[in-house]
Amino acid sequence: MKFSIGGSLKLAFRPWVEGLENIPAEGPAILASNHLSFSDSFFLPAVLDRKVTFIAKAEYFTSPGVKGKLTAAFFKGVGQLPVDRSGARGAGEAAIKAGIEVIEGGGLFGIYPEGTRSPDGRLYRGKPGGLARVALATGAPVIPVAMIDTEKIQPPGKVVPKLMRPGIRIGKPLDFSRYHGMEGDRFILRSVTDEVMYEIMKLSGQEYVDIYAAAAKRQIADAEKAEKAAAKAEADKASKADKASKADKTQRPAA
């Protein structure tokens with residue numbers, strides 16, 4: 001990926017990077033990033049010398065057809081780890097286990113604390129499970145990362161990406177060794193996650209919203225559904241009124 005797609009990405013989009021010196025040359029670390037676009041998992045590894053292992057939803061590995069097989073081959077080839085998201089608890093435990101294995105192998109583990117892509121470019125509340133538990137269980141430093149403008153390159157519904165320069169800001173490592181052995185305390189997990197999200201917010205300059213991105217997506221979907229229903233009801237009302245008006249004209253006696 002680095003020598004083929006990665007090189008092409010850097011040549012075509014010329015991403016700018018700040019804070020590369022904060023990535024250790026060797027040894028384990030957790031890269032905790034905001035999530036604006038599908039391309040985040042391409043641009044970040046492309047600008048680093050080391051391999052980054054992300055977890056990816058299992059559907060990328062099991063989709064049918066030629067496209068599905070090509071997608072699965074790509075994700076396997078770049079070493080991404082499939083996680084079944086059909087059960088919330090099972091998905092969380094699988095992500096934690098995968099992260100610990102990567103860290104214990106001395107690698108870089110990439111994770112999006114928001115759990116899903118931002119629906120509107122804002123930064124949402126981080127989920128306290130995967131990130132904090134992997135950090136406290138392994139003692140690995142957490143490096144906050146901010147992806148900048150990647151959502152503008154290929155917005156939803158757009159097939160051809162826009163050629164523009166995205167940015168990547170990499171913050172200084174965060175040490176949570178003071179909480180060692182406390183990964184079972186949900187208040188500690190929340191505190192660790194919020195501290196990381198605060199650093200990401202400072203790096204990205206995003207507006208912070210204290211709800212989960214998944215909940216925001218549901219709210220947006222419900223609002224769009226309600227708006228469409230209201231528009232349909234208004235159109236139906238206008239149509240009925242028009243039909244009634246025409247019927248009234250046809251039933252009037254001639255003068």
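Biologist: Are helices α1 and α2 roughly parallel or roughly perpendicular to each other?
Modeller: Start with the angle: α1 (residues 2–13) and α2 (residues 40–47) pack at about 95 degrees, with their axes 9 Å apart. Axes are lines fitted to C-alpha atoms, for helices over the stretch in contact, and angles run from 0 to 180 degrees between N-to-C directions. Angles under 35 degrees count as roughly parallel, over 145 as roughly antiparallel, 65 to 115 as roughly perpendicular and the rest as oblique. The two helices are therefore roughly perpendicular.

Biologist: What pLDDT do local features need here?
Modeller: Residues are numbered from 1 along each chain as its sequence is written, and side-chain values use heavy atoms, leaving out hydrogens and water. This is a predicted model, where totals for chains, interfaces and linings use all residues, side-chain atom pairs count only at pLDDT 80 or more, and local features need a pLDDT of at least 70.

Biologist: At what angle do α6 and α7 pack?
Modeller: α6 covers residues 130–138 and α7 covers residues 186–204, and their axes lie 9 Å apart. α6 is roughly perpendicular to α7, at an angle of about 105 degrees.

Biologist: How many nonpolar residues are in the contact of α6 with α7?
Modeller: From α6 come Leu-131, Ala-132, Arg-133 and Leu-136, and from α7 come Ile-188, Leu-189, Val-192, Thr-193 and Val-196. Of these, 1 is polar and 1 is charged, while the nonpolar ones number 7.

Biologist: Which glycine follows α6?
Modeller: Within α6, the buried residues are Gly-130, Leu-131, Ala-132, Val-134, Ala-135 and Leu-136. Buried means under 20% relative accessible area, exposed over 50%, and partly exposed in between (1.4 Å probe, protein chains only). After the helix comes a residue with a positive phi, near 80 degrees: Gly-139.

Biologist: What is the relative accessible area of Arg-14?
Modeller: Arg-14 sits in the loop between α1 and β1 (16–18). Its phi is near 50 degrees, a positive value in a residue other than glycine. Arg-14 is partly exposed, at 47%.

Biologist: How far apart in space are Tyr-198 and Pro-144, C-alpha to C-alpha?
Modeller: Tyr-198 lies in helix α7 and is partly exposed. In sequence, Tyr-198 and Pro-144 are 54 residues apart, but C-alpha to C-alpha they are separated in space by 9.3 Å.

Biologist: What is the radius of gyration of the whole chain?
Modeller: The chain has 8 helices and 9 strands; helices (H or I, at least four residues) and strands (E, at least two) are DSSP runs, numbered from the N terminus. Its C-alpha trace spans about 95 × 45 × 35 Å along the principal axes. The radius of gyration is taken over C-alpha atoms, and the globule rule is 2.2 Å times the number of residues to the power 0.38. For 255 residues that rule gives 18 Å, so the chain is more spread out than a compact globule, with a radius of gyration of 24 Å.

Technical notes
Contact = heavy atoms within 4.5 Å. Nonpolar A, V, L, I, M, F, W, Y, C, P; charged D, E, K, R; others polar.
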